[in-house]
Amino acid sequence: MSMISWMQAGVSTRLNQWWSSTPFITSGVTIICAAIYLVCLLVGYDSYAEICFLPSAVASHFQVYRFYTSVLFHGSLLHVLFNMLTFVPLGTELERIMGSVRLLFLMFLLATTNAIFHLIVAFLVDYNPLYHVSYLVDECSIGFSGVIFSMIVIETSLSGVQYRSVFGLFNVPAKWYAWILLILFQFLASNVSLLGHLSGILSGFAYTYGLFNYLLPGPSFYSSIEGLSMLSVCVRRPGFILCTGGTTYGQLPTHSNMSTPPSALINANFLRNISSWMPSRRTSTVQEQEDPRFPGRGRTLASTGTEPTAREANANLHARLLDNSTPSELLTNSQHTAANTVRADATVTADQTDTFDEELKKLVGMGFERTQAEVALAAADGDPNVAIEILMSQQD
């Protein structure tokens, strides 16, 4: 009995740790979806035709509320359980990247655009001149999985990974991951909305390609929301992540400059993101290898010429002075290098030369060898205290 109690305590502890590490918005959405399902279950509510996304009802009666009620309701315990177990790791990752307010706005944007794509595709398929498929406009869809498919595309794009594991069975290229999941769910599960999931994938790609940039608010919007007094209790919670405090890696779409022509923005973002998801051959040196989370080629902050800068010469000189086995010829060469660098930078004036000589005389008067004292003082940029530390470390 004690062993069973210990195992139960261990499981509860792990669950508490897992749940406590879930950020504020992710845990809030999970609780809301679960609570809505439980309330519907307790009161016996099953009139899903009133709240599901029904293209014909949206078009004929302009029932826009279905954009959002269809996302929060679920049809069965397995439905809500599977969706939330999939959403929690995705939401946690994206909330830590974007911040809590930005993720909340993103989910609202995705729910809206998913419904719009769903509506457009359903009526295009129904009224196409080749073959009419009318059942799509009368298909009733509910569940959070459309937003989840959008988040899968976005998180895959931001992570920069090359391959993704499908249920731990096999790996697939990351750019095909969402499409493969779409196909698998159609074969493995029954009563699944193909168009609902497809609309989520389309919205995810549209977001990553920058097509929604004009719909994204600027940073001041998120800051103003976080600064509202009525939300101060939420902001102070440990799981709340400020938009300026997330781990910003990858290419996170941001608010666009309104002075940029819309056509240029769409073309540039579309072509750039399309090329990033297409296979390409590239020959690069070791220096050109980059972290996929931080796109862009690194540049060395150094002088473009072959002559070292004064800081580099002094650093090398200091390292040589710390070596007890440094020969006198090496000190002489280092002295000439430092002197040449000073002349190249043209920073030595007559007054500075006089000060240098005075400090050098003081060091010699303290018993240090003149050549080493001169080199140490040059390496210390004329600072006698630093020069003394260099000389003393040389004698240790």
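Author: Gladly! The protein chain has 17 helices and 2 strands, where helices (H or I, at least four residues) and strands (E, at least two) are DSSP runs numbered from the N terminus. This is a predicted model, so local features need a pLDDT of at least 70 and side-chain atom pairs count only at pLDDT 80 or more, while totals for chains, interfaces and linings use all residues. Residues are numbered from 1 along each chain as its sequence is written, and side-chain values use heavy atoms, with hydrogens and water left out.

Let's start at the link itself. Searching the whole structure turns up 1 disulfide, a term that here covers a pair of cysteine sulfur atoms within 2.5 Å. The partners are C52 and C140, with 1.7 Å between their sulfur atoms. The torsion about the S-S bond is -125°, and the link of C52 and C140 is left-handed. C52 sits in the loop between α2 (24-43) and α3 (55-61), and C140 in the loop between α6 (100-126) and α7 (145-159), so the pair ties together parts that are 88 residues apart in sequence.

C52 is buried, at 0%, whereas C140 is partly exposed, at 39%. Two further cysteines are worth a glance while you are there: C40 is buried at 8% relative accessibility, and C243 is buried at 10%.

Now step from the loops to the packing around them. The largest nonpolar core holds 46 residues, and those with the most contacts inside it are F87, M98, M107, F144, V147, M151 and I154. A nonpolar core, to be clear, is a set of buried Ala, Val, Leu, Ile, Met, Phe, Trp, Tyr and Cys residues joined through side-chain atoms within 4.5 Å. Two or more residues of this core come from each of α2, α5 (77-98), α6, α7, α8 (177-188) and α9 (194-208). There is also a second, separate core of 11 residues, with L360, A373, A376 and L377 among them.

N83 is buried, with a relative accessible area of 4%. Leaving aside residues up to four places away in sequence, N83 touches H74, G143, F144, S145 and I148, a contact being heavy atoms within 4.5 Å. For the chain as a whole, 69% of the contacts with a separation of 6 or more join residues 24 or more positions apart.

Moving along the chain, you reach a charged pair. The whole structure has 1 salt bridge, meaning a side-chain nitrogen of Lys or Arg within 4 Å of a carboxyl oxygen of Asp or Glu. R164 pairs with E155, and their closest N and O atoms are 2.7 Å apart. R164 is buried at 17%, and E155 is buried too, at 9%.

Next comes a nonpolar surface patch of about 740 Å², built by F167, L169, F170, I183, F187 and L188. Patches are made of residues with over 30% relative accessible area and no salt bridge; like charges are joined within 9 Å, and nonpolar side chains (Val, Leu, Ile, Met, Phe, Trp, Tyr) within 5 Å. Helix α8 gives the largest share of the patch, 3 residues. F170 belongs to strand β2 (residues 170-173) and is partly exposed at 39%. F167 lies in the loop between β1 (163-166) and β2, and is partly exposed at 49%.

F167 also has a positive phi of about 55° although it is not a glycine. Most residues other than glycine have a negative phi. F62 has a positive phi as well, of about 50°; F62 lies in the loop between α3 and α4 (66-72) and is exposed at 65%.

Notes:
Buried means under 20% relative accessible area, exposed over 50%, partly exposed in between (1.4 Å probe, protein chains only). Accessible areas come from the Shrake-Rupley method with a 1.4 Å probe; for residues, only the protein chains shown count as cover.
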